[in-house]
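Colleague: I would like to learn how to read an interface between two chains. Could we go through one case?

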Amino acid sequence: MADVLAVCEVRDGAVRGVSREVVGAAARLAGELGGSTHALLLGPPGVGSGAADLGEIGADRIYVAEDDDFGLYHPEASVRAVAELNGSGAYGAILFPATAQGKDLAPRCAARLDCGLATDATEVEVEKEGLVVTRPLYAGKALARMKFAAAPALVSLRPNVFSPDPRPAAGEIVALEVASEPRRIRVREIEAGERGKLDVAEASVVVSGGRGLQDADHWALLEDLVDALGEGAALGASRAVVDAGWRPHGEQVGQTGKTVAPNLYFAVGISGAIQHLAGMRTANVIVAINKDPEAPIFGVADYGIVGDLFEVLPRLAEEIRAVRAAQ
Amino acid sequence: MNSIVCVKRVPDSATRVRVAPDRLSIDDAGVKYVLNPYDEYAVEEALQRKEAAGEGAVTVLCLGPNGARETLRTALAMGADAAVLLKADGSPDGLTVARALAEEIRGREFDLLLFGKQAIDDDNMQVPAMVAEILELPCVTVVVELVTEGRQAVAKREIEGGHEVVEFALPAVVAVQKGINEPRYPSLKGIMAAKKKPLEEKEIQLADPRVQLVSLSEPPPPKAAEIVGEGAEAVSDLVRKLREEAKVL
Ligand SMILES: Cc1cc2nc3c(=O)[nH]c(=O)nc-3n(C[C@H](O)[C@H](O)[C@H](O)COP(=O)(O)OP(=O)(O)OC[C@H]3O[C@@H](n4cnc5c(N)ncnc54)[C@H](O)[C@@H]3O)c2cc1C
Ligand SMILES: Nc1ncnc2c1ncn2[C@@H]1O[C@H](COP(=O)(O)O)[C@@H](O)[C@H]1O
């Protein structure tokens, strides 16, 4: 019998979608461990009112710490909250999203609780030796199965890999007092990238362009495809085009860029170098468009079109628009 | 400006990774080991700050096997002043490494304790924040810009869709991301000078691991793409397959 804690992420005063993946995974594990599911969120006043629906995906109890100081990421208070809850709850597992924030927070908690942490898990299972986590190493060139010496097992989950199931639970909101001082760092503000633009690491559909695009101006073609794919789609890039200054580093997918696992990935004019594959091979469905039938990207893609991207792209955007409009 | 930079010895990113028969390690044959690429940015950042301040020392610290001497020599050749090797074999988990590093760092004087954002072998992204928590230091990870003025510092860290601007005081832990600077290549003179710089070696005893490897495997080889067709003619078929077969549209 062990409870599981899902540490949620809040941004702009709202619970982020990725938190639902973590709560869903926590609820599944808690079910197998015979315990209950707790969620934790720190945020500005009012954040708790948007959290009740976590009960629909299995949260029995939702701890909410509201404070004006929690409008932006507050690592020290977050660690205190996790440590305090663990002190009273003694969790079997504590789960985080493997986001920028989760990957910063989870190791702090692991050190505070003196517990093991597995980063960026793609599978979490309950087996006879306890919790067993599968995670990629060497940029996805190997997979490791890891077990923990003691509870709680701390695990961060790769975004877009886990999806919550409907699992009605009490969703009881419990106010939590967490001191906002002392603090060692202060997040002053978030400088947003281009307004309203979805990050490539978060998108459920990614359209990535490579050197085959030939010029920064030709990105209008990819932007049009992103637009046709609608909400949830974002641009990605190969390193070649980032190094050329055609696209910002924030869009780079691969070993020295971001790791993405979207539902659908388009590689357009990208050869498929091993370092690029490292960042996208766990995508659900991969589509490659390349004029070279021998391009290695076809070795990992699910579907391919061999041809000139300048001919394929406009037609693709047009047909996808038509299909989506008909739905 | 005094800095300590933690650096790791890792297989080169171009390494073809093969799992060894024990299924607990990778086959070492033909593997070229290098200074973790993100740690090059950390060393560069320390060197630039020392150069700008006109005073200070840069110490590089590594926990690893005997072969990690070469890793430390590379950092010395870039310009670091002194190196410490904590000798340990195997691939201990993040917290075990962090505890050993923190033990060595405790009591040393420094303004910045620099790390790479991630080691490219275990891809853990754990050690910097763990060391900071153990030593009770301010900590900012995935930093792409760092400005210090006296004891005050402001860093920009990469997050989804933007950057967080973070204020803190020195001494502090900073884990750096690509883009913060352009690491220099060791010059011939630097390589020669590195041979005479102090490299202290210590045998250490690692604590019991909190996370253990059950097994390693290679990901299943992907099956080649279904080539739907050639050119714009193939688009209709592709869209239909994406919708009906893959159900992703
Ligand atoms: C340490 C290290 C780290 C790296 N990290 C990364 C990383 O994080 N991400 C990354 O992406 N790369 C990374 N790289 C670089 C990687 O090795 C490749 O150089 C890079 O991915 C190539 O980018 P590309 O596919 O856009 O360009 P290219 O390899 O030049 O491929 C261009 C492709 O476009 C096709 N093409 C050209 N014209 C057309 C057309 N009209 N229509 C259709 N197709 C066309 C060509 O057939 C070709 O396949 C790294 C390299 C190293 C050494
Ligand atoms: N064995 C080690 N010795 C020294 N520094 C390390 C070691 N392992 C990790 N680090 C540092 O911690 C950073 C992040 O590593 P990791 O948490 O393993 O991804 C690396 O970029 C190094 O700066």
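Colleague: How many residues of chain A are in contact with chain B, and how many of chain B with chain A?

Modeller: This is a predicted model. In it, 79 residues of chain A touch 77 residues of chain B.

Colleague: What area do chain A and chain B bury between them?

Modeller: The size of an interface is often given as the accessible area lost when the parts come together. Here the two chains bury about 7,100 Å², 55% of it on carbon and sulfur atoms. Tyr138(A), Arg184(A) and Tyr303(A) supply 11% of the area that chain A buries against chain B, more than any other three residues.

Colleague: How many salt bridges does the rule find across the interface?

Modeller: Eight salt bridges. One of them joins the side chains of Lys156(B) and Glu191(A), at 3.0 Å from N to O. The rule also finds 42 residue pairs in polar contact across the interface, both residues at pLDDT 80 or more. On the side of chain A that touches chain B, 37 residues are nonpolar, 16 polar and 26 charged.

Colleague: Which strand of chain B is joined to strand β18 of chain A, and do they run parallel or antiparallel?

Modeller: Strand β13 of chain B, residues 226-230, is joined by four bridges to β18 of chain A, residues 303-306, and the two run parallel. Within this pairing, Gly304(A) stands opposite Ile227(B).

Technical notes: Residues are numbered from 1 along each chain as its sequence is written. Chains are lettered from A and ligands numbered from 1 in the order in which they are written. This is a predicted model: local features need pLDDT of at least 70, side-chain atom pairs count only at pLDDT 80 or more; totals for chains, interfaces and linings use all residues. Side-chain values use heavy atoms; hydrogens and water are left out. Contact means heavy atoms within 4.5 Å. Buried area is the accessible area (1.4 Å probe) that two parts lose on being put together, summed over both. A salt bridge is a side-chain nitrogen of Lys or Arg within 4 Å of a carboxyl oxygen of Asp or Glu. A polar contact is a pair of N or O atoms within 3.5 Å; within protein, one must be able to donate a hydrogen and the other to accept it, and residues adjacent in sequence count only if both atoms are side-chain atoms. Ala, Val, Leu, Ile, Met, Phe, Trp, Tyr, Cys and Pro count as nonpolar, Asp, Glu, Lys and Arg as charged, and the others, Gly among them, as polar. Two strands pair if DSSP finds at least two bridges between them.
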